[in-house]
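This report walks through one protein model, element by element. Have the sequence and the structure open beside it.

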Amino acid sequence: MTMMTAPHPAESTARNAATPIVIVGHVDHGKSTLIGRLLHDTDSLPEGRLGQIVESSQKRGRPVEWSFLLDSLQIERDQGVTVDSTRIPFQFKGRDFVIVDAPGHRQFLRNMITGAADAEAAVLVVDAAEGAQEQTRRHAMLLHLIGIRHVIVLMNKADVLAFDAARLEAAEQAIRALLAQLNVSVDAVIPASARDGDNIAAPSDRSPWYKGPTLVQALADVPPPAPRARLGFRMVVQDVYRFDETRYVVGRVDRGIIREGASISIGTQGQTARVTEIARWHAPALPVAGPGESIALRLEPDIVPDRGDLLFNPDEDMPRPVRSARIQARVFWLRQEGLKRGERLSLRLGPAEYPVTVASIDSVVNLEDMTLQKADMVGPEGFATIILTTAHAVLFDIFTPGLNDGRGVLVDQYQQIVGGAPLIGAAEISEPSHTIHPTESVISSEARRAAGERRGHVFWLFGRPAAGKSTIAREVEARLFRDGQRCVVLDGDSLRAGLNSDLGFSQEDRRENIRRTAHVARMFAEAGHIVLVALVTPMKSDRALAAGIIGKAFSEIFVDTSADICESRDPKGLYAAARAGKIAHFTGVDAPFEISDDPSLTLSSDSGPERAAETFIDYIQTKV
Amino acid sequence: MDDLDQLEAQSIFILREAYRKLRPLGMLWSLGKDSNVMIWLARKAFMGRVPFPALHVDTGKKFPEMYAFRDEYAKKWNLDLVVRDCPPVEEIDPSLPPAARSAARKTAGLAALIEEQKFRGVIAGIRRDEQATRAKERVFSPRGAGHQWDVRNQPPEFWDQYATPHEAGMHIRVHPLLSWREIDIWRYIQRENIPVVDLYFSKNGRRYRSLGDQDITSPVESDAATLEDIIAELRSSRTSERAGRAMDHESEDAFERLRVAGYL
C-alpha cells in the first residue's frame with residue numbers, strides 16, 4: 001500500500017455525519033414500538049410529539065402506542081401497519097444516528113431495501129417466544145447481501161418468557177445459528193422488552209443474569225465507517241460538461257484519493273490521461289479530492305469519456321478492477337414475476353449501465369432451511385446466484401461490504417429497478433460441452449465444390465504498421481470481385497471500430513483481438529469465402545493461435561516492408577505519435593515485432609501494391 | 001469531510017443525475033431558505049451556472065420582500081426564471097379545509113406549468129424532517145400522468161440508483177435536500193454565505209421560520225436576529241418548523257391529501 005504523504009481532509013472529520021441504523025424483523029415482532037421507545041428513552045422526541053401520540057392513541061381507545069410515532073400516514077394509523085421506511089434522527093453520547101424504520105410485511109420488501117441499503121448497522125428484532133420467522137430469515141439474508149457489517153439482535157418481548165435465562169439462551173442459540181449460516185457476524189444479542197423499556201436505554205432489573213450491553217450502548221459501540229481514503233482510487237464518470245470552452249469530467253469519488261497531476265485510466269478502452277485540475281465552484285482550491293466528494297476533473301489530453309466509464313489510477317500499486325463479460329452475481333429479486341434464464345435486463349453500476357443477459361441461474365436460496373437449490377427460475381422476491389453476460393467486457397470491482405464496489409442493480413426494459421445484484425466476480429467460462437452445442441452445416445465441402453463453389457481459405461497478412469497489408473488486400477479484393485469470386489477483407493481498423501471496439505492495446509487485448517478475428521475468418525472460410533485478414537499480428541505465438549483456430553485452411557502471408565519504409569510512409573501519423581510518446585506499446589517503436597521464419601508467402605510492397613497483388617492472386621489460386 | 005460536506009456532495013450527485021437523465025428539467029424556486037440552498041447547490045454542481053430554468057409558481061400572495069429578493073437574485077445569479085400564476089381559489093376543491101385549499105392553488109399552478117413545459121423532471125426542495133409524509137419520500141419520486149403520488153407503490157431506491165419516467169405523461173420529482181435537516185440548511189447558509197429573505201430574522205420578538213403565503217403563514221416568537229442566533233435557537237428548540245403553517249394543523253390528514261395530489 002502506498003503511504004500518503006499527508007492526511008487528506010477526508011480523513012479528519014470536523015463532525016461526523018449521522019450513522020444510519022436500520023431496524024428490521026418480522027411483522028409484529030415490535031420494530032415500530034422499539035423505535036418509539038428508543039426515541040422516548042433517549043429524550044429525542046420533539047416537543048408536543050408525545051402529546052400527539054397520547055391523543056392519537058386515546059382517540060382509538062388504546063394505551064400509549066409507541067408505534068404511532070412512526071406510523072404517521074393516515075392509512076398506517078388506520079390499518080396498524082408501517083408502509084414505508086422513515087428516517088428519524090436521534091442523538092446519544094454526542095453521536096448522531098439516523099434510525100431507518102423498515103417495514104416488515106413481505107410485499108414491502110423493496111421499501112425495506114430502500115431504507116436499509118446504506119445503513120452502517122442493523123437491529124434485527126426477533127420475538128423471543130416466536131423465534132425466527134420467514135421475514136426474519138429474509139431480512140437476515142438481505143443484511144448479508146447488502147453488506148451490513150454490524151448486526152445487533154434484539155430478543156424482544158422477553159417479558160413474555162418472564163426473562164427466563166434458560167429459554168432466552170435457547171432462543172439466542174437458534175438465531176445465532178441462523179445468522180452463522182449466512183456469515184453474518186453478530187455484535188450483540190440483547191434480551192429486551194421494547195414496550196416496557198427493558199435493556200433499551202437502561203439495564204433491566206428483570207434480567208440480572210444478563211451482562212451484555214443495552215441496545216443504546218450496543219449502538220454507541222458500532223464503530224464509525226472505515227476510512228475509504230487509503231484504498232485505490234475509483235470514480236465512475238457521471239457526466240461530461242462543456243462550459244465556456246472548458247470540459248469537465250464530473251463524478252463522485254468512490255474511494256481513494258485523486259491529486260492534480262495524477263494519471264488515470266479510463267473505462268474499458270483504457271486510455272490514460274493526466275488530471276490537470278480538480279475544479280470546484282465557490283470552494284477553496286485544493287489539488288486533491290477524496291471519498292464521497294462530488295468533483296469535476298479537467299484532463300490532458302482533453303479526452304471525452306463516456307458516462308459510466310470507471311476511472312482508476314494505473315500508477316497506484318493497488319489491485320485493479322476486474323474485467324469480464326461474464327459476471328457472477330448474488331441477486332435479490334424484487335419483482336413479483338420470477339426471473340428466468342435468458343432474460344435480458346440492464347445492469348447498473350453507479351452511473352454505468354450495461355445490457356446483460358441472464359446466462360444461468362446457478363443456485364436459488366430456499367428460505368425454509370436456508371439451503372441452496374438448483375432451479376430454473378428465481379421466484380418472486382427470491383435470492384439466487386446467477387451469471388450475467390454482457391456484449392462487451394465490463395470493468396468492475398468485486399462487492400465489498402461498506403464500499404461502493406460491485407453494487408450492481410438490475411433494471412428492466414421500463415427502467416424499473418427489479419433487483420439488487422452484488423457482483424461477486426468474473427465467472428469462469430463453463431465447459432463448452434455443457435453449454436455450447438455448435439451446429440455443423442449440412443452442406444459438405446464436397447457438395448459445395450460440386451455446385452461450383454470454391455474452397456474457402458484464410459490468408460493472414462501480417463507485417464509492421466503501414467507495411468501495406470490493407471492496401472494489398474483491398475487491391476486483391478477488387479480483382480477477385482471482378483472475377484466473380486467471393487472475397488472478404490477483415491482488417492484491423494475495421495474490426496476495432498466494431499466487433500472489437502471493447503478491446504485496448506494491452507498484450508491480452510491484442511491476443512483477444514486476434515482470437516476473435518480468427519474465429520470470424522474461419523466461419524467465412526467454411527462458407528466458401530476467400531478471407532483476407534490484414535492485422536499487424538506481431539507475435540509468433542499469436543499467429544500460431546490463429547493458425548490453430550483456423551486449421552488447414554490457413555496461410556501466413558508476410559508483408560515484408562522494412563521498418564524504415566513503414567515509418568517514412570506513416571499514413572495515419574501513428575509512428576510520429578508513438579515517437580512523441582502519445583501512443584504506448586506501438587509495434588516497432590516500443591513493442592516488439594517478430595518476423596516470420598517460414599511464411600507461406602512473402603510479399604513486398606516496395607514496387608507498388610499492384611505487383612504484390614498479382615503475386616498474391618497467383619498464390620491464392622493454388623489454394624482454392 | 002464533515003457532515004455538511006457530505007450532504008453537499010450527495011445533493012450535487014443527485015442534481016447531476018437529474019440533469020443527465022431528466023430533460024426537460026426545471027427547479028422550483030419558492031424564494032425560501034431551502035430553495036435558495038438548492039439553487040446554490042446547482043451552481044456548485046454545474047460550475048457556477050444553473051443549466052435549467054428556475055420555476056416560481058406564484059400565488060400572488062408572497063411577501064413583498066420575497067418578490068424583491070426574487071428579482072434581485074434572478075439577475076445576480078443569472079437564472080432562467082420562469083414565473084407562472086396560480087388559478088384562483090374558486091377553482092380549487094371546496095372540500096379541502098380553507099388553508100389547505102389556498103395552498104392547493106400552488107399544486108394546480110405547478111401542474112399547469114409541468115404540462116406547459118412538458119417537464120420530465122422537477123426539482124423540489126422538500127426535506128424529510130419537515131413533515132411526516134415528506135419523510136416517506138424518495139429522492140427521485142415518480143408522478144403519474146395526473147401528477148399523483150402513489151405513496152403505497154413507490155419504487156425501490158438504493159445504492160444511488162434512481163427511478164426514471166417510464167410512461168407517457170409521467171414526471172419525476174427530484175428531492176436533493178431530502179436528507180438535510182433545518183439546522184443543516186442554516187449552517188450551510190452561514191458557511192457559504194447564501195443570501196436569504198430578511199423575514200427569517202427576528203424583529204420585535206418575532207420571526208418567520210418557514211415562509212409560505214402571507215395569509216397562511218405566521219411568525220413565531222423568537223429573538224434570533226442573526227444566523228448565529230438562528231442556529232443556536234434550533235439547537236435548543238423542539239418546536240416543529242411548520243408550527244407556523246396553518247394547513248398542517250387543520251386535520252390529521254390534510255397535508256397528506258395535499259401531498260398525494262401533487263403538493264410539495
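## A chain of paired strands

In β18 of chain A, Leu345(A) has Val356(A) as its bridge partner. The model is predicted, so local features need pLDDT of at least 70 and side-chain atom pairs count only at pLDDT 80 or more, while totals for chains, interfaces and linings use all residues. Residues are numbered from 1 along each chain as its sequence is written, chains are lettered from A and ligands numbered from 1 in the order in which they are written, and side-chain values use heavy atoms, with hydrogens and water left out.

Helices (H or I, at least four residues) and strands (E, at least two) are DSSP runs, numbered from the N terminus. Two strands pair if DSSP finds at least two bridges between them.

Asn366(A) is paired with Thr371(A) in β19(A). This hairpin has 4 residues between its strands, and Met370(A) in the turn has a positive phi of about 60°.

## A parallel sheet

Strands of a sheet pair through backbone hydrogen bonds, either parallel or antiparallel. An open sheet in chain A has 5 strands in the order β25-β26-β24-β27-β28, with parallel pairing. Its edge strands, β25(A) (487-491) and β28(A) (601-603), each pair on one side only. From one strand to the next the twist averages 20°. Between β27(A), residues 554-559, and β28(A) there are 3 bridges; Phe558(A) stands opposite Thr602(A) there.

## Helices across the sheet

Angles run from 0 to 180 degrees between N-to-C directions, with axes fitted to C-alpha atoms, for helices over the stretch in contact; contact means heavy atoms within 4.5 Å. Helix α10(A), residues 469-482, lies across β24, β25, β26, β27 and β28 of chain A and runs at about 165° to β25(A). Helix α12(A), residues 507-526, lies across β24, β25 and β26 of chain A, at about 145° to β24(A).

Just after α12(A), Gly528(A) takes a positive phi of about 90°.

Buried means under 20% relative accessible area, exposed over 50%, and partly exposed in between (1.4 Å probe, protein chains only). Among the buried residues of α12(A) are Asp509(A), Ile514(A), Ala518(A) and Ala525(A). Their cover includes β15(A), α11(A) and α13(A).

## The cores and the whole chain

A nonpolar core is a set of buried Ala, Val, Leu, Ile, Met, Phe, Trp, Tyr and Cys residues joined through side-chain atoms within 4.5 Å. The largest has 67 residues, and Phe140(B) and Trp186(B) are among those with the most contacts inside it. Helix α1(B), residues 3-21, gives the largest share, 8 residues. A second, separate core of 47 residues includes Ala158(A) and Trp159(B).

Chain A holds 16 helices and 28 strands. Of its 624 residues, 53% count as buried.
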